[in-house]
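Please keep the sequence and the structure in view while reading.

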Amino acid sequence: MAILIDDSTKLVVQGLTGSEGSFHAGRNRDYGTQLVAGVTPGKGGTDHNGTPIFHTVEEAVRETGANTSMVFVPARFAADAILESYESGIKTIVAITEHVPALDMARVVGYIRARSDDVSLIGPNCPGVISPGKANVGIIPGEICSPGPVGLVSRSGTLVYQIVHELTQLGIGQSTCVGIGGDPVPGSDFIDVLSKFEADPETELVVLVGEIGGDAEERAAAWAKQNMSKPIVAYFAGREAPPGKRMGHAGAIVSGSKGTWQAKADAFEAAGFPVAKNPTQVAEIVAGLRSKA
Amino acid sequence: MDLFEYQGKELLRKFEIPVPEGRVASTPEEASEATRFLGSRVVVKAQVAVGGRGKQGGVKLVSSPEEAHEAAAQIFDITFTDQEGRGAERSKRVLVERAGELKAEYYCSFILDRTSRKHLAIMSSEGGMDIEEVNRTNPDAIAKVTIDPLLGLSDFHARELVFGGNIDEEARKGALSILPKLYRALVELDASQIEINPLVLTGDGKVMALDAKVILDDSAAFRHPFYEELKAAHEVNEQERKAKEHGLNLIKLDGDVGIIGNGAGLVMSTLDVVKDAGGSAANFLDVGGGASAEVLSNSLQIITENPEVKSIFINIFGGITRCDLVAEGIIHALARLDVDVPIVVRLDGTNAEQGRKMLADAPHPMLKTADTMLGAAEKAVALAHGEGA
């Protein structure tokens with residue numbers, strides 16, 4: 001099982017012929033992901049390291065049966081690329097691109113969510129998704145992950161790596177790791193991903209990695225209390241960040257009294273889920289919960 | 001980017017939103033000159049990014065050029081802080097505006113709301129106060145309307161705001177005409193917030209924006225060349241400016257442990273574990289993904305130029321970033337810089353073993369390594385406190 005991507009994933013990469021797209025899509029293919037197509041307008045009919053290139057996503061889907069796309073185009077073209085994937089029938093869209101204007105995302109995310117409940121947009125400004133041993137779509141280093149029972153969802157990329165590493169030290173693998181990205185208007189939020197983990201028989205426990213800014217964590221805690229039967233271990237970065245400063249991610253900012261670390265920690269504790277103090281403690285709490293189960 | 005009031009108002013004027021007549025002054029003489037031009041009664045307002053400037057003496061009502069001169073001189077002397085007393089900001093300019101009679105003060109704002117992923121407009125007859133406070137004490141006095149950015153503001157939205165917000169009858173027409181203009185400004189400027197607090201009804205029955213807090217979405221800079229010009233008016237900390245020149249994202253903080261890490265989340269987490277170890281970070285510095293040896297070397301140089309820094313913690317989890325290149329950058333920096341504070345390095349992920357070996361093969365009295373993130377944090381804090389580790 002796993003969520004979002006697995007053995008049946010057929011990947012088309014928008015921006016495959018660019019240097020970043022080429023490098024990471026190549027790593028995804030080497031991991032075992034079925035890379036079936038690339039899209040670069042004007043380069044259709046050529047091939048890139050053995051992968052056929054098409055002018056449009058529509059053509060790529062028609063010719064190859066691609067069901068998942070990865071967006072690696074510059075920020076100014078990202079909203080357009082996401083919509084192109086959606087209108088071409090792609091069901092899982094993973095947008096890696098960072099610095100996409102928030103208004104573009106509000107429009108695109110609103111449009112897709114109003115029309116389809118079977119389409120997942122992950123990102124932008126995210127490291128992608130990996131289902132260890134099955135498929136990797138994005139920039140998460142496959143070699144640090146191993147198959148197992150923990151689902152991981154995170155706003156931060158490097159904290160995915162850090163926490164996977166901590167879990168690995170304790171011999172605990174992952175069903176799927178999802179980086180939802182650090183932007184103020186992400187395509188998928190924690191609740192979208194938690195509901196998928198709840199329904200996934202391979203996932204026994206979820207690690208949720210949030211950070212300061214916005215209220216996605218608070219909403220996730222309230223939702224999970226009502227809807228999750230599986231345990232969640234939460235961790236939030238940015239406790240010591242000064243208010244009013246944007247901490248690297250466009251969405252990581254405490255505005256006035258909103259988006260504080262304390263509000264997020266309180267929400268999860270009130271919902272009955274443990275909150276770890278640091279990434280190392282996340283793995284320790286996970287191990288403790290597993291030994292009880 | 002948070003704009004200064006005068007910058008926000010200049011933009012609003014382009015959308016035909018009424019604002020008081022005013023002049024920007026950089027010296028007391030200019031403030032006095034502006035007052036002569038505008039007429040007798042004027043308000044002299046500090047132009048700072050922090051909130052609560054009025055309570056700190058940053059807004060003064062005066063009635064002569066001489067008084068304006070004095071008011072501006074006083075304002076230029078104030079060090080403004082945020083509500084928690086943090087930060088220290090000087091006002092480089094004052095906005096001198098014609099003052100008039102006010103009949104009423106209202107609140108009006110538009111934001112791009114993260115929760116609904118839509119635009120959210122708020123209007124209230126309780127103007128001039130902190131809207132969060134009004135929301136707590138008198139929520140009925142606030143009208144909130146959600147606007148789908150694919151459709152935009154409809155007339156009924158504006159009516160719901162004006163009637164729901166209990167705006168006085170005399171001000172309704174003016175408010176109804178301003179709201180679509182504010183919404184157009186929000187969208188066309190790629191603003192994440194336009195807050196007018198207060199929106200006022202003047203003695204002669206006009207509705208105008210007496211204050212303006214505009215926040216622009218930095219990610220949209222590529223389609224708004226004027227952002228760059230607006231940014232130039234903002235003071236940036238020297239260290240932050242230098243980092244930016246090198247393509248690094250640095251935020252200056254008040255502690256003494258210099259921080260270098262890769263990825264915003266990991267760096268935020270690093271600040272937290274340093275605090276838990278009893279220390280305090282001197283900065284946030286994210287070298288980003290795929291950092292080269294040169295980037296690491298530049299980062300170390302910028303951090304060591306801060307005299308407050310007593311130790312440095314380099315926390316890298318290599319994904320796209322290669323730990324061997326990180327090690328190369330550190331070794332290079334130690335060779336070319338006169339580093340006199342200890343550096344604690346923790347490397348994991350891509351090519352970590354190779355990186356650790358490179359550091360072990362290039363011993364330097366200031367270079368220490370640690371196996372784990374928490375162990376490294378403790379070591380860096382102990383060293384900052386002058387304890388051998």
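A residue is called buried when its relative accessible area is under 20%, exposed when the area is over 50%, and partly exposed in between, with a 1.4 Å probe and protein chains only. The model is predicted: local features need pLDDT of at least 70, side-chain atom pairs count only at pLDDT 80 or more, and totals for chains, interfaces and linings use all residues. Residues are numbered from 1 along each chain as its sequence is written, chains are lettered from A and ligands numbered from 1 in the order in which they are written, and side-chain values use heavy atoms, with hydrogens and water left out. Helices (H or I, at least four residues) and strands (E, at least two) are DSSP runs, numbered from the N terminus.

**Two single residues**

- B:G349 belongs to strand β17 (residues 343–349) of chain B, and its relative accessible area of 24% makes B:G349 partly exposed.
- Contact means heavy atoms within 4.5 Å; apart from residues up to four places away in sequence, B:G349 touches B:F317, B:G318 and B:C323.
- Between B:G349 and B:R322 there are 7.9 Å in space, C-alpha to C-alpha, although the two are 27 residues apart in sequence.
- A:N28 is placed in helix α1 (residues 19–31) of chain A and is buried, at 1% relative accessibility.
- With neighbours within four places in sequence set aside, the contacts of A:N28 are A:L11, A:T33, A:M70, A:N136, A:V137 and A:G138.

**Aromatic pairs**

- A pair of aromatic rings is described by the distance of the centres and the angle of the planes.
- Rings of Phe, Tyr and Trp (its six-membered ring) pair if their centres lie within 6.5 Å; planes under 30 degrees apart count as stacked, over 60 as edge-to-face and the rest as tilted.
- Over all chains, the structure holds 7 aromatic pairs. One of them joins A:Y86 and A:Y111 edge-to-face, with 6.0 Å from centre to centre and 85 degrees between the planes.
- This pair ties together parts that are 25 residues apart in sequence, because A:Y86 lies in helix α3 (residues 75–87) and A:Y111 in helix α4 (residues 102–115), both of chain A.
- A:Y86 is buried at 11% relative accessible area, whereas A:Y111 is partly exposed at 23%.
- The pair of A:F236 and A:F268 is tilted, because the ring centres are 5.5 Å apart and the planes stand at 55 degrees.
- A:F236 lies in strand β13 (residues 232–237) of chain A and A:F268 in helix α8 (residues 261–270) of chain A, so parts 32 residues apart in sequence are tied together.
- A:F236 is buried at 1% relative accessibility, and A:F268 is buried at 0%.
- Ring pairs also link A:F273 with A:F236 and A:F268 in a cluster.

**Charges over rings**

- A charge sits over a ring if NZ of Lys or CZ of Arg is within 6 Å of the ring centre and within 35 degrees of the ring normal.
- In chain A, A:R239 lies over the face of A:W261, 5.6 Å from the ring centre; in chain B, the charged end of B:R23 is 3.6 Å from the centre of the ring of B:F37.

**Helix α9 of chain A**

- The buried residues of α9(A) are A:P279, A:T280, A:V282, A:A283 and A:V286.
- These residues are on the same side of α9(A), because they cover an arc of only 160 degrees around the axis, the arc being that of the directions from the helix axis to the C-beta atoms.
- On the other side of α9(A), A:S291 and A:K292 are exposed.
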